Amino acid sequence: MKPAHHALIVVDIQNDFCPDGALAVAGGDSIVSGVNALMGKFATVVLTQDWHPAGHSSFASTHGAAPFSEMRMSYGPQTLWPDHCIQGSTGAAFHKGLNTDPAALVIRKGMNPAVDSYSAFFENDRKTATGLEGYLRGRGVTEVTIVGLATDFCVAYSALDAARLGFKVTVLMDLCRAIDLGGSLDAAKAQMVAAGVALD
Ligand code: VGL
Ligand code: ZN
């Protein structure tokens, strides 16, 4: 068992990020049993769930643009994705094999139609908080381990924000899978290492 000050954050293990999903991550479903086993070691488990309204500004279809192209938003560059994780859809549901019972909290994100939200802590403006920081601090958490999908987007953004907030952060790479768009996985790894995130 890990000490009580050490929480587990399980990022976006949802059908749309698994094979046959709308934004499938190769091998996304292969981490589910390992994540289930890991949850038993943590007193505090938080799940995140990408949870977009239809017509979200991060969807390529909203702009008549090509999926995986980039667009300048008021808050900076934004990759445009296939429609995914629409609130209440099967694609937005957690993978059926994921044991959600140990989770104390589910953070839903990406609900603001105008701003995407990769990180469990902040929207992509890097300023609007989800409340996770306060929740963790309120429970005396100083250290987090992060696993899930996708390594180079929601996992990396969450890890970078956690490190910036002063949490000790470990990402378990074997329990993550990446989208890897134009070198995004290598870039994310380098950024995490530079921020003091341990990649195990
Ligand atoms: C994610 C792209 C768009 C993720 C979510 O979970 O990494 N990536 N929305
Ligand atoms: Zn999304």
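Two strands pair if DSSP finds at least two bridges between them. The views below come from a predicted model. Mean pLDDT for the chain is 98, and 100% of the residues score at least 70.

**View 1. Strand β1 pairs with β2 and with β6.** Five bridges join β1 to β2, and these two strands run parallel. Of all the elements of the chain, β6 has the highest mean pLDDT, 99.

**View 2. Strand β1 is covered on both faces.** Which residues lie on each side of β1? His6, Leu8 and Val10 are on one side. Ala7, Ile9 and Val11 are on the other. All of them are buried. That makes six buried residues out of six in β1.

**View 3. Helix α1 has a buried side and an exposed face.** The helix spans residues 32–39. Its buried residues are Val32, Val35, Leu38 and Met39. They lie on the same side of α1 because they cover an arc of only 125° around the axis. What covers the buried residues of α1? The cover includes the strands β1 (6–11), β2 (44–50), β6 (143–149) and β7 (168–177). Now look at the face turned away from the buried side: Ser33 and Ala37 are exposed there.

**View 4. The zinc ion (ligand 2) is held by three protein residues.** The protein donors are Asp50 through OD, His52 through NE2 and His84 through NE2. Along the chain, the donors follow the spacing D-x1-H-x31-H. Why is the arrangement called irregular? The four donor atoms subtend angles of 89 to 168° around the zinc ion, and so the arrangement is irregular. For a tetrahedral site, all angles would have to lie between 85 and 135 degrees.

**View 5. Threonine 79 is a buried residue of strand β4.** The strand covers residues 76–79. Threonine 79 counts as buried because its relative accessibility is 12%, and the cut-off for buried is under 20%. Leaving out residues up to four places away in sequence, threonine 79 touches Ser58, Phe68, Ser69, Glu70, Tyr118, Phe153 and Leu181. Among the elements of the chain, β4 has the lowest mean pLDDT, 96.

**View 6. Phenylalanine 68 and aspartate 20 have positive phi values.** Neither residue is a glycine. Phenylalanine 68 has a phi of about 75°. It sits in the loop between β2 and β3 (70–73). With a relative accessible area of 40%, phenylalanine 68 is partly exposed. For aspartate 20, phi is near 80°. Aspartate 20 lies in the loop between β1 and α1. Its relative accessibility is 82%, so aspartate 20 counts as exposed.

**View 7. A cis peptide bond runs from leucine 149 to alanine 150.** Omega for this bond is near -10°. Alanine 150 belongs to the loop between β6 and α3 (151–164).

Definitions and conventions: Residues are numbered from 1 along each chain as its sequence is written. Chains are lettered from A and ligands numbered from 1 in the order in which they are written. This is a predicted model: local features need pLDDT of at least 70, side-chain atom pairs count only at pLDDT 80 or more; totals for chains, interfaces and linings use all residues. Side-chain values use heavy atoms; hydrogens and water are left out. Donors are N, O and S atoms within 2.8 Å of the metal (3.2 Å for Na, K and Ca); water is not among the atoms, so sites may look incomplete. Four donors count as tetrahedral if all angles lie between 85 and 135 degrees; four count as square planar and six as octahedral if opposite donors are over 155 degrees apart and all others between 65 and 115; anything else is irregular. Helices (H or I, at least four residues) and strands (E, at least two) are DSSP runs, numbered from the N terminus. Buried means under 20% relative accessible area, exposed over 50%, partly exposed in between (1.4 Å probe, protein chains only). Contact means heavy atoms within 4.5 Å. The arc is that of the directions from the helix axis to the C-beta atoms. pLDDT is the predictor's confidence in each residue, from 0 to 100.
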